[in-house]
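User: I would like to go through this structure by question and answer. Please begin with the ligand site and then turn to the strands.
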Amino acid sequence: MPCPFLGSMNQGFVRNYGSVLLKQYGNLCPILSRGFRSLGVDETKCPFIQDNSIVSEAPREMTEDIKESVPTYQYDKFFSEQINAKKKDYSYRVFRKVSRLAAEGMYPQALEGPEHRRVTVWCANDYLGASRHRAVQDAAVSAIRAYGTGAGGTRNIAGNSQMTEKLEAEIAKLHKKPAALIFSSCFVANDATLSTLAKIMPGCIVYSDAGNHASMIQGIRNSRAPKHIFRHNDPNHLRELLSASPAGVPKLVVFETVHSMSGAICPLEEMCNIAHEYGALTFVDEVHAVGLYGKHGAGIAEERGLEHHIDIVSGTLGKAFGNVGGYIAGSSLLVDTIRSLAPGFIFTTALPPPTLAGSLAAIRLLASEEGRSMRAKHQGIVRYLKLSLLIAGLPQMPSVSHIVPVPITGADKVALVAESLMKRGHYVQAINYPTVARGEERLRFAPGPHHTPEMIDSLVTALIESFHENNIRFDQFMVNGACRECSMEYKVDIAYEEPYKYTMIAA
Ligand code: PLP
């Protein structure tokens, strides 16, 4: 029987201080004291058992069943090693406390930190401010009053409201597809759809763009289907890989239209054509395009008139549509298959009433004339930021979309610049590994129609100061609003009415 007294102590302590314990307590132990008796020491009772009314000596039959205690895994040690590794390479994430304001005239301001300091937000994916639009808010509030805050269960049990089906019908209409299916997020939509499809289609091979979002990578991995990775937005490489593929087997070609971190837009028509030439289905993520491009806000495919080139489109309700949730749209048979077989769809609580109603209102808003004018304003302000950065001589990546990345190599450096900007009242999150590869760190600006030219002027001034403050060199050829060489004044005008194109300015 293990000693209840020593057993209650830390093993390391017993190992290190065994001799001290023996000297101090040995003569009180009924077992050890037998040895002491022969040395002329009095036997006494075990103080642990004496003092503890709950513990008594167990009979021999019972003690035979008691196993020696086994050493346990050092969980905390393991977790702290993981965290320390993240801190060491500056990829440990510290979330800022930033409450974005929604009241009229307040957006895109937020309250930052415990002191609730007012800052301008530059990195929210609520790209058009739909989350604070009156029509969207009203729809969500009325739905709460009528149907409550929660769905009450999975779609199969209590969560399949009329609103759920109405939203799916609206999404299908938006993308000109026969059917749509909503999920708790687009991460889940991508993961559940790709993992299910590639798993159930016998012998399926996946062709995945090297720049794909983690949600698609996760889905492809989870399917365990063989995969080939083609160079980012490179149709020639896609063709090369597909041309070596066996004929007659199911294939999926998976990519995004607007890349979330670079703002690049894929050669959609070419990639779809190649995929179809080799008998593959196209799975296209329009997460950063829905609400923002095309006459009705259906994305790049609508803007280019290519809706029918896409077999399965995925989108989010959480970015330009200002709510939360994700979806796929495609043929009725395909959607019914995912509805029937994807665990990520089946075994989770459905989207709640305010989200359904808010999303429906946002999709309708962005498909309307008002939506079109919000998009035009959005493109105008994006252009203003790109030109302002260009004129200031600040670096920017050549984005052709609304995403404006400013590269600052080094996770430590980009974090310092973000901190300097925050001090000056501008919130932009530093982007580092694993969101982008190491060495490709950046600040990612997403200006919206509620940002004003004055806000952008103030941001650019703050950026210049922040670069200087952190000893980051850049080629500043503007001084006090004029060219440093010829003293000519620069002024950037924005024209909201101008019809925008996806190929705006390549800065
Ligand atoms: N796809 C892309 C390209 C994304 O950038 C994201 C999220 O940032 C997702 C999918 C996931 O979307 P959601 O935020 O709805 O989960």
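User: Which residue has a side-chain N or O atom 2.7 Å from an oxygen atom of the ligand?

Analyst: This is a predicted model, in which local features need pLDDT of at least 70 and side-chain atom pairs count only at pLDDT 80 or more, while totals for chains, interfaces and linings use all residues. Residues are numbered from 1 along each chain as its sequence is written, and side-chain values use heavy atoms, with hydrogens and water left out. Polar contacts are pairs of N or O atoms within 3.5 Å. A ligand oxygen lies 2.8 Å from a polar backbone atom of C186 and one lies 2.9 Å from a side-chain N or O atom of K319; the 2.7 Å distance belongs to the side chain of T316.

User: How much of the ligand's area does the protein bury?

Analyst: Accessible areas come from the Shrake-Rupley method with a 1.4 Å probe. Taken alone, the ligand exposes 390 Å². The buried part of that is 83%.

User: Which helix gives the most residues to the shell around the ligand?

Analyst: The ligand has 14 residues around it, each with a heavy atom within 4 Å. Helices are DSSP runs of H or I with at least four residues, and strands are runs of E with at least two, numbered from the N terminus. With 3 residues, the top contributor is the helix spanning 186-200, α9.

User: In β6, which residue is the bridge partner of V206?

Analyst: Strands β5 (residues 205-209) and β6 (residues 227-230) run parallel and are joined by 4 bridges; pairing requires at least two bridges found by DSSP. The partner of V206 in β6 is K227.

Note on methods:
A polar contact is a pair of N or O atoms within 3.5 Å; within protein, one must be able to donate a hydrogen and the other to accept it, and residues adjacent in sequence count only if both atoms are side-chain atoms.
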